[in-house]
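Please keep the sequence and the model open as you read.

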Amino acid sequence: MPLSEQEQRLLEEMERNLYRNDADFVQAVGGGRGRRPNYRAIVLGVLLAVAGAGALIAGVASQLLVIGVVGFALMFAGVLVAITPSKRGAAAAPPAEPTAEKQRGRSTSGGSFMDRMNDRWDRRQDGQD
């Protein structure tokens with residue numbers, strides 16, 4: 001069921017506020033948007049997994065437990081290599097710039113309802129209220 005126009009506008013406003021107010025959280029949760037996948041690691045992982053599957057099948061066929069266990073370990077390592085994000089892509093991401101609100105100190109005048117609620121919550125957490 002599609003969203004109504006009012007619901008879409010409200011959702012877009014909430015998303016804009018989230019990006020504006022919680023840049024650190026957005027970067028931590030959704031920071032993978034601009035990052036490209038590491039194709040070399042994916043190919044290496046798939047090759048390891050295929051080699052592991054072959055070793056596992058060979059171990060079962062020859063009834064040698066050691067070969068089967070090594071094959072399973074290779075498959076597991078291949079999957080881990082393929083799905084683990086690279087540290088190089090995370091290090092290349094530029095740090096988030098502090099917003100103007102954080103630079104000048106939090107002001108409670110004006111702003112949307114959610115901005116005021118966030119400010120109140122932050123003050124409570126800091127022990128000001």
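In which kind of crossing does helix 3 pass helix 4?

1. Helix 3 passes helix 4 in a left-handed crossing, meaning that the near helix is turned anticlockwise from the far one by less than a right angle (clockwise would be right-handed). Helices here are DSSP runs of H or I with at least four residues, strands are E runs of at least two, and both are numbered from the N terminus.

2. Before going further, a word on the source: this is a predicted model, in which local features need pLDDT of at least 70, side-chain atom pairs count only at pLDDT 80 or more, and totals for chains, interfaces and linings use all residues. Residues are numbered from 1 along each chain as its sequence is written, and side-chain values use heavy atoms, with hydrogens and water left out.

3. How confident is the predictor? The protein chain has an average pLDDT (confidence in each residue, from 0 to 100) of 78, and 71% of the residues score at least 70. Helix 3 (residues 39–62) has the highest mean among the elements, 94, while helix 6 (residues 100–104) has the lowest, 47. Over residues 100–104 pLDDT stays under 50.

4. Q63 lies in the loop between them and is exposed, at 73% relative accessible area; exposed means over 50%, buried under 20%, and partly exposed in between (1.4 Å probe, protein chains only). Its phi is near 55°, positive although Q63 is not a glycine. Most residues other than glycine have a negative phi.

5. V81, in helix 4 (residues 65–83), is partly exposed at 29%. Leaving aside neighbours within four places in sequence, V81 is in contact (heavy atoms within 4.5 Å) with A41, L44, G45 and L48.

6. Is N17 buried or exposed? N17, in helix 1 (residues 5–21), counts as buried, with 9% relative accessibility. Beyond four places in sequence, N17 touches D22, S112 and D115.

7. Finally, look at helix 7 (residues 113–126): its end C-alpha atoms are 20 Å apart, in agreement with the 20 Å that its 14 residues should span. The expected span is 1.5 Å times one less than the number of residues. Just after helix 7, G127 takes a positive phi of about 85°.

Technical notes. pLDDT = per-residue confidence, 0-100.
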